[in-house]
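Dear colleague,

Please find below the structure that I am handing over to you.

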Amino acid sequence: MATRSLEQSLPLHLRRGERIATYAFIVIFALAFAAPLINAVQTSIAVGGFENYLVVLTRSYNGVSIPLTFLNSAIVAVMHATLVCSVGALAAYAFSFIDFRGREVMYYGVLLFLAVPATALLVPVYFLTGTLGLFNTHLGVALPEAVLTLPFAVLLLRNRMDDIPRELVEAAVMDKATHITIFRHVALPLSRGTLANLAALSVMWSLQDFLFPSIVLRDSQMATAAQAVQTIRSAFAPTPVESAQYYAALVLLGVPAVLIIIFAFKYVTNGISAGGVKE
Amino acid sequence: MTRVTTSKLTKPRGGSKALPPRGGVSRVALKGGWYAVGFLAPLGILYSVYFLFSFGILGVVSTQRVGLTFRNAVDVGFQNFVLVAGDPAFQGALMNTIAFAAFSVAVSLSLGFILAMMLASGIRMRRAFYTIFLLPSLIPMSLFATVFGRMLETRDGAINEFLRAIGLGFAAQDWLGDPTAAYVAVGVIITYAIGLPIMYYSTDVAQVQASVMESATLDGASVWQIYRIMLFPLLRTTHITVILSVVLGSFRAFDIIYFSTAGQPGGRTDITGTYIYKATLGLDRIGYAAAASILVLLVALAFSVVQIIVRRKAL
C-alpha cells in the first residue's frame, strides 16, 4: 500500500468551481483562526509601536520578568518531557516485551487515568507538594504534569514497541541478552522517532499548563509563561499605552510555543497522529 | 494487521520453547516477572503518589470542613457531598461540561473533517494552513483565551467593533452579560480547538488507497460526494480517535473557560474545572472542592472505561 505524507495530495482532480469553493472556504476559516492573534499583534503596536516590546521585555510586572518566564517554562518543560519519555519507555517495554501475569489488566489500569482532569487533582496536588517540600520548585510542577501525561505516553510507546519485529528480539535472546540489553539496544533505538514525537508533545503540553504553576509557583520569580498571563494582568493600567503594552506582553508569552510549532512541526504532528487508534 | 502478524510470530517461538536445548529462552522468560517489576517501578511510584494517594487525600478531605492550610479540620461526614450535589451551580457546571464536550465532538466531526479533506485535496501552502489551524491548540490556552476574552468586551471589544464596521451592528452582543451570547462565545472558542482533529484526519486520509478515489473520479463523482459518501465512512476509526481525544480534552478544558468568560455571566458558563478551581483558590473551601473533585473523577473514570472498551473493539 502506498503511503502518502501530509505533503502529498489526494488523487482528486478538483474542477474549477470545486477548487474556487475549496480555496474560499479554507481561506475564510484560516483568517477567522488567525484573527485573535492578528488582533493581539495589532493592538500591541497601536500606541507606542514596536517599542512596547522592548518595554515589556525589560520591566517586571508584579515581580514577574517575561524573559525569566521563558527560562522557567523551559526548565519545567524539559523536566516534564524527560520524566514522561523515560518512565513511559520503561513501562511500555514491560507491557510489550515481558510476559507476566496480569499484564493486560495492569495496562488497561494505566490507561484508565487518561481522562483524569487536572482540576480534580488540585486539592491533593497542593497537599502533596507541601508534604514533599516542592512549593516554588520546577520539579513541583513537572511531576504532576508528567503523571497526567504518562497514560498517553505508555499508550503511544507500547503501540510503537508492539510493531518491533519479534525476530530481532529472538535473535537477541539467543545471544543471551537480558531485558536490559534488549531495551537499550533494540527497543529504544527503534522507538527513537516516537520518543522524539512524545518529547515534542510533552513540551507543548507543559508550555500550555496554567493550573499547576498557578498553585505550586507562588514566588513571582518562578512564574511560567502560561501562568504569567494572569499574574501580570493587574500590573497594567487601563490606559491606551499600557493596554498596548499588555498585548505586547501576551504576544511575547506566546512566542516560545509558536517557534516550537514552526521548527518542530513534524514531531508535534506525528506525535498527535500516532496516538490514535490503529487499524 | 499487527495482531495477525504477532500471532503468526508467536507460534514459532512457542515451538522453539518446546525444544529442551534452548533452556536459555525459558530462563529469560522466568526472569520476566522480576524484570517487569523493575521496569514498571518508576511508573508505579508516580501513580501511587499522585493518583492513588491523591484519591485517598480527596476521600479524607471531602468529609471535612477545612481550608488550604489543612489545619483545624472539622469532620462533617458526607455533608460536603450533599451540598455539592444539591448546588444548582455544580449541576449547571456538570451539564455545561457535557454540553461543551458534545458540541466539540460535533464540530470536530463536521468542520474538522471538511477542512482536513479540503487541505488534502491539492491546496497550495498546505503547511502554512495546518500551522494556522493548529496554533490555537498549541499556544498556551490561557493566552489565547485571554485575547479572545478581550475581543468579547461589549463596548470596545474587537468582535463588536468588527460587526459594527461591516454594518451588522444589530448583531453586536453583550457577550459576557447575556447567557445565550456567552454560550455562543464559548462555542466559538471551542471551535478554535479543532486543529488536532484536523491533524488526525489529514494523517489518516493519507493512508487511503489512491485507486479507490481515482475510480470514483472517473465515474464523474464530485469531490463533495467523494468526501461524504466515500471518505467519511472509510475514516471510521479516525472518527473514534477524534471523539475519544476531544472528550478527553474536554475534561481538561479549564483554561478555555477561565480566561475567556471566567464563568460569566454569574457562573452560567462554568464547567466542573472552573467550579473546583474557584472553590479551592477562591473560596478556600477545600472539603467542598474535594467532594466536587470526587464526583468529577467518578464521571471521568467511567468515561475512561468506555473509551478502553471502544478502543479494544476498534483494534
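**Where the two chains meet**

In this model, 112 residues of chain A are in contact with 120 residues of chain B, contact meaning heavy atoms within 4.5 Å. The model is a predicted one, in which local features need pLDDT of at least 70 and side-chain atom pairs count only at pLDDT 80 or more, while totals for chains, interfaces and linings use all residues. Residues are numbered from 1 along each chain as its sequence is written, chains are lettered from A in the order in which they are written, and side-chain values use heavy atoms, with hydrogens and water left out.

Between them, chain A and chain B bury about 11000 Å², of which 73% is on carbon and sulfur atoms; this is the accessible area (1.4 Å probe) that the two parts lose on being put together, summed over both. On the side of chain A that touches chain B, helix H1 (residues 16-46) of chain A gives the largest share, with 17 residues (helices, H or I of at least four residues, and strands, E of at least two, are DSSP runs numbered from the N terminus).

**One helix of chain A**

In helix H2 (residues 51-58) of chain A, the buried residues are Asn52(A), Tyr53(A), Val55(A) and Val56(A), where buried means under 20% relative accessible area and exposed over 50%, with partly exposed in between (1.4 Å probe, protein chains only). Seen down the axis of H2(A), these buried residues fall within an arc of 160 degrees, so they line one face of the helix; the arc is that of the directions from the helix axis to the C-beta atoms. They pack against H1, strand E1 (60-61), helix H3 (66-97) and helix H12 (240-263) of chain A, whereas the face of H2(A) turned away from the buried side carries the exposed residues Glu51(A), Leu54(A) and Thr58(A).

With best wishes
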